[in-house]
Amino acid sequence: MASTLNDQKEANLICMEDVKAKEVEWLWYPFIPYGKLTIIQGDPGDGKTTLVLNIAAAVSQGRGFDEGMNLTKPMNVIYQTAEDGLEDTVKPRLVQAGADCAKVMVIDETEKSLSMVDARIEEALDVTGARLLIMDPIQAYLGGNVDMNRANEAREMTKHLATIAEKRNCAIILIGHMNKGGGCKATYRGMGSIDFIAVARSALLVGRVVGKDNLRAMIQIKNNLAPFGNSKAFELSENGFEWKGDYEISADDVLGGYAPKESKLDQAKQLLRDLSEDRDSIASTELIELAKAEGISKRTVDNARSEMGLKSVKVNNTWHVKLR
């Protein structure tokens with residue numbers, strides 16, 4: 001028998017009149033917000049893990065690289081890595097970075113690997129009160145049955161992690177490798193679905209400075225919460241990590257100058273082509289969100305759709321764009 005209206009559950013509605021507005025808090029303004037996901041990506045061996053370990057060390061000591069990292073006291077950190085040994089690699093590098101190792105914790109994965117939806121993450125954050133969680137690399141923490149190239153699967157995992165970050169006002173950093181594709185923007189060169197970048201509120205690119213063997217650059221390639229930060233540099237030498245501060249360099253420079261100077265219309269078309277690889281359609285609101293993250297306006301997306309002959313259909317009162 002079909003259920004009556006009274007038998008159906010009522011929607012749990014939130015009235016915006018009852019929502020208390022608040023400002024975003026920052027672990028490092030404008031690069032790493034509390035309560036959100038940040039992605040740091042780069043090619044293997046280019047220094048992204050070294051940077052993140054030194055950020056963890058700074059947090060554990062209650063000190064910052066610059067005035068944007070306004071730490072008032074030492075804080076606990078949870079650092080998960082699937083690529084480096086704790087005894088012979090992580091611990092020595094933390095010591096070299098000056099970390100208070102008593103404040104850096106690792107969830108034990110000896111008997112069971114960790115994933116982004118593992119209940120142990122929330123338990124560890126509750127027990128330690130950590131304000132920073134690092135997972136290195138992204139693909140190691142998706143779980144064995146998740147295809148990181150499929151947008152719907154990637155989005156579910158990262159949305160869950162984003163909810164944890166917001167609930168506990170904890171900064172979460174995901175470290176990602178770059179793919180080998182040339183001729184595309186930094187946001188498209190992250191391994192897996194571009195939905196990783198879409199869910200993150202800040203994304204940073206770390207790479208080598210051409211002609212300077214020991215110098216590395218950090219460039220912000222996405223920021224939904226504040227103006228983009230200045231590019232920064234740090235040096236890796238026999239003496240370890242040395243922060244250099246502001247440095248004039250672009251993402252194109254770090255990528256070797258191979259990123260094309262595309263028009264916004266071309267970027268919008270490429271976005272639509274990329275999305276069509278693993279889905280037949282996309283909600284119009286989600287498409288606009290993804291485009292906005294790339295600095296592409298709704299009007300430009302509409303023009304790209306028109307030129308590509310992509311139609312819109314209404315599904316359950318929601319407009320979707322047919323991608324193929």
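Q: Which residues make the nonpolar surface patch of about 340 Å²?
A: Ile 14, Met 16 and Val 19 make that patch. Keep in mind that this is a predicted model.

Q: Where in the chain is Met 16 found?
A: Met 16 is in the segment before β1, the strand that covers 26-28.

Q: And why does Met 16 count as exposed?
A: Because its relative accessibility is 63%, and the cut-off for exposed is over 50%.

Q: OK, inside now. How many residues has the largest nonpolar core, and which have the most contacts inside it?
A: That core has 38 residues. Leu 37, Met 116, Ile 121, Met 135, Leu 161, Ile 172 and Leu 174 have the most contacts within it.

Q: Take Met 135. What does it touch, not counting residues up to four places away in sequence?
A: Met 135 touches Gln 80, Leu 114, Met 116, Ile 121, Tyr 141, Leu 161, Ile 173, Leu 174 and Ile 175.

Q: What other core lies apart from that largest one?
A: There's another core of 36 residues, including Tyr 34, Met 69, Met 75 and Leu 204.

Q: Zooming out, what does the secondary structure come to?
A: Nine helices and 14 strands in the protein chain.

Q: How much of the chain is buried?
A: Of its 324 residues, 48% are buried.

Q: Last one: of the contacts with a separation of 6 or more, what share comes from residues 24 or more positions apart?
A: Those residues account for 67% of them.

How values were computed:
Residues numbered from 1 in each chain as written. Predicted model: local features only at pLDDT ≥ 70, side-chain atom pairs only at ≥ 80, totals over all residues. Heavy atoms only, no water. Helix = DSSP H or I, 4+ residues; strand = E, 2+ residues; numbered from the N terminus. Buried < 20%, exposed > 50% of the residue type's maximum accessible area, 1.4 Å probe, protein only. Contact = heavy atoms within 4.5 Å. Patch = residues over 30% accessible without salt bridge, like charges linked within 9 Å, V, L, I, M, F, W, Y side chains within 5 Å. Areas by Shrake-Rupley, 256 points an atom, 1.4 Å probe, with all protein chains shown as cover. Salt bridge = Lys/Arg side-chain N within 4 Å of Asp/Glu carboxyl O. Core = buried A, V, L, I, M, F, W, Y, C linked by side-chain atoms within 4.5 Å.
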